[in-house]
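Dear colleague,

I am passing on the structure we spoke about, and below it you will find some notes on what turned up. Please read them with the structure open beside you.

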Amino acid sequence: MINTQELEKRWFKYKFKSYLLHLIIFVTSIVFILLLFIFVGTDLLKKPTELKKESTNIPKEKKIEKVIIQKTIIKKTPDVKIKKLVEVNLTSIIKNDEKQEKQPLIVEPSFNFISQIESDLAKKSIVQNRQISEKKDIQTQIIEVEKKEPKKTIQKEIQRKQPIQTVEKKRKPIHIVRQNTQEDIKAVIKRFEKNHNPALSLFIARQYYEIKEYKKAYNYALITNGINNDIEESWIIFAKSLVKLNERTIAIKMLKKYIQYSNSYRAITLLGDINSGKFR
Amino acid sequence: MDTELFNSSKDVFLDTVNAKDYIELDRISSIYQSLKESITKPLKMVLLYGKPGTGKSMFLTKLYDDISSYMPTYIYKTPIIDEIEFFKVLAQDMFNMKYDDQLNFTQFMKVLNSSKTEQTPIILLDEAQLYPDILMEKIRLLSDTRKVKFVITLHKTEKEDLIAKEHFKTRIWESIELENASNFELKIYIQKKLMKANCFDTANMFDEKSVNLIHKLTHGNYRESNKLLYTLFDIYESYLTQDKHYKFNQNKVPSKMIEMAAIYLGLLND
Amino acid sequence: MKILLFLLLTSYLYADIKQNIFELYQEKRYKEACIKGASNFNSFRQDEELISLYAFSCLKSDYIDKLSIPIVILKNSKEARSNSAYFSIILMQKKLLYHSLVDGYDLSSLKLPTTTNIFSKVFDLYSKEKINKEKNIYLFEDKDDKNRNYKLYLIQQKNSYKIVIEEFYNRFQIKKHIYR
């Protein structure tokens with residue numbers, strides 16, 4: 001019969017030893033690898049610097065040789081031209097070496113032009129809208145004038161018929177009423193609400209200013225500035241509306257700020273006009 | 001499972017050389033078959049060599065068991081180192097001649113030459129490395145007469161290699177090397193041995209992992225494996241006798257048990 | 001009046017093209033912006049910003065050959081000159097790479113300027129390798145980003161070849177460029 005308890009104890013001892021042995025082997029191998037890594041790593045680091053030094057040494061030696069040879073030539077034949085040649089050679093050698101040491105040129109793209117395009121497009125849309133609105137104005141004027149003309153001719157005829165008794169009636173001044181303006185503005189507002197184009201809000205501000213809705217003009221000028229604060233006309237309408245709403249000091253303040261960073265001629269003249277009282 | 005099962009399993013691995021306990025393994029059985037055939041050929045000597053515990057004695061015993069029924073075969077498991085005694089025993093066994101006096105080599109040779117037998121007798125000598133060199137030379141001479149055949153087993157040591165090469169070079173018809181078992185062979189050996197003794201439950205406990213561990217510890221040596229397995233089952237038996245309700249895995253022999261047996265035998269150092 | 005209307009019309013059209021190309025660029029419809037720009041460049045030759053815009057659209061849609069006209073036109077401002085150099089390097093690299101892939105021309109000895117564009121990156125990786133005529137597909141690892149890999153090969157379309165670069169991130173293909 002075998003003493004199993006004692007045998008088990010012996011087994012535990014054996015197992016512990018084997019684990020310990022494995023652990024020792026593991027630790028020593030890691031230490032060995034680390035040491036190897038350190039040594040090899042330092043060697044590798046040293047080598048490229050050494051190589052570099054070697055490589056730089058060689059051309060320098062060549063340089064020195066060249067210089068010595070050329071100097072000896074100079075000594076033999078003291079000529080200014082040779083001296084210049086030497087200088088040129090040295091400088092060219094240095095330049096060449098510099099070029100060799102430089103890394104390849106990396107060219108990167110530049111996208112600043114896109115912001116320029118954006119502002120160009122914004123300006124053009126303003127101009128276009130102005131032109132369109134002017135066209136419309138012209139058209140409406142033409143229509144109005146045409147409508148008035150037959151009346152005039154009738155009036156004239158009546159006057160002719162009554163030459164003695166009639167007193168020259170004063171011609172009524174041609175009063176062009178833009179009956180379509182409000183509807184125009186509303187249509188543009190609808191369009192603006194869809195696409196938030198600053199050109200449209202500027203147009204709206206201008207229209208409101210012209211029909212003396214100064215508060216609305218001020219609002220839309222403010223909106224335009226909020227979208228794009230580089231539009232000069234928007235600032236002008238903004239300041240003018242404020243003056244008309246009796247907010248002169250605020251107008252001057254805002255205008256001064258705008259002038260500070262834009263140096264706009266129109267803004268400067270407007271400021272002058274407001275200060276002098278020319279514009280009220 | 002109970003202690004009886006372990007007891008019978010343990011007995012399976014007793015280190016005895018019994019022809020009935022011979023386990024057939026494919027590679028070895030082919031060797032055996034070729035040996036059996038070559039006996040019938042007009043050969044002088046067969047050398048069976050290998051490390052201790054590789055089954056040489058078992059081989060010889062099995063051969064004796066198989067061929068003794070139809071061929072005059074004489075087996076000497078323990079060597080007779082004394083020369084005169086050796087020839088006396090041989091003469092007695094082969095020719096039924098009793099000699100009270102000494103019988104030396106020349107006399108035996110005469111007897112041998114004068115004998116008339118239908119079949120050449122075969123003499124199986126185990127542990128032939130223990131025979132003195134002079135006797136080995138005389139055995140060689142006896143085989144030269146072609147009136148007797150020898151099958152000898154040797155431990156493979158340097159000395160025996162010399163004998164194998166120098167003395168018997170021309171005379172050896174066949175030299176067979178027996179080797180340790182491979183992992184696969186060892187597994188079959190263990191399982192077949194247990195199944196032959198109807199220990200099916202314990203036979204199933206040996207999987208590849210446990211056999212690999214046993215192989216690692218014994219190098220596939222049959223004798224060492226027998227000893228280890230004997231000790232293993234002894235440990236199981238001891239556990240059960242000390243604690244009747246001792247629980248163990250019925251499907252697998254854990255490495256712990258095998259290692260404990262190895263520590264007990266000194267195969268592992270604790 | 002008619003002249004005015006005509007001028008208005010042309011300026012309107014030009015503004016329309018510029019607006020159109022700009023909108024296409026902003027919507028990342030680079031291929032369309034490139035094609036529109038390439039077919040109408042004569043009408044806005046003077047506008048270097050628009051030329052640059054359509055050139056970048058062509059680059060982003062892998063139409064490198066279409067950069068040839070912007071390269072020549074862009075010269076009046078510092079930015080235009082810089083972008084012209086940028087495009088010309090990429091175009092040169094494309095031509096050299098094509099020559100090397102088709103004819104086995106060795107680029108390893110050349111020291112060329114490069115750009116930050118992905119085509120330049122792959123070109124630089126390729127030019128460092130020695131020519132192997134049997135190789136049809138090149139695989140490169142990005143040294144700056146271990147998760148990125150690039151695949152370079154030629155495909156045959158009609159009578160000519162096209163350079164293809166595939167970008168991989170963590171072994172998933174994220175982009176395929178077929179350069180024209």
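The buried residues of α9(A) pack against α7 (232-244) and α8 (248-262) of chain A, where buried means under 20% relative accessible area, exposed over 50% and partly exposed in between, with a 1.4 Å probe and protein chains only, and where contact means heavy atoms within 4.5 Å. This is a predicted model, in which local features need pLDDT of at least 70 and side-chain atom pairs count only at pLDDT 80 or more, while totals for chains, interfaces and linings use all residues. Residues are numbered from 1 along each chain as its sequence is written, chains are lettered from A and ligands numbered from 1 in the order in which they are written, and side-chain values use heavy atoms, with hydrogens and water left out.

The buried residues in question are Ala267(A), Leu270(A), Leu271(A) and Ile274(A). They lie on the same side of α9(A), because they cover an arc of only 105° around the axis, the arc being that of the directions from the helix axis to the C-beta atoms. On the other side of α9(A), Tyr265(A) and Ser276(A) are exposed. After α9(A) comes Gly277(A), which has a positive phi, near 95°.

As for the chain as a whole, chain A has 9 helices and 1 strand, these being DSSP runs numbered from the N terminus (helices H or I, at least four residues; strands E, at least two). Of the 280 residues in chain A, 25% are buried.
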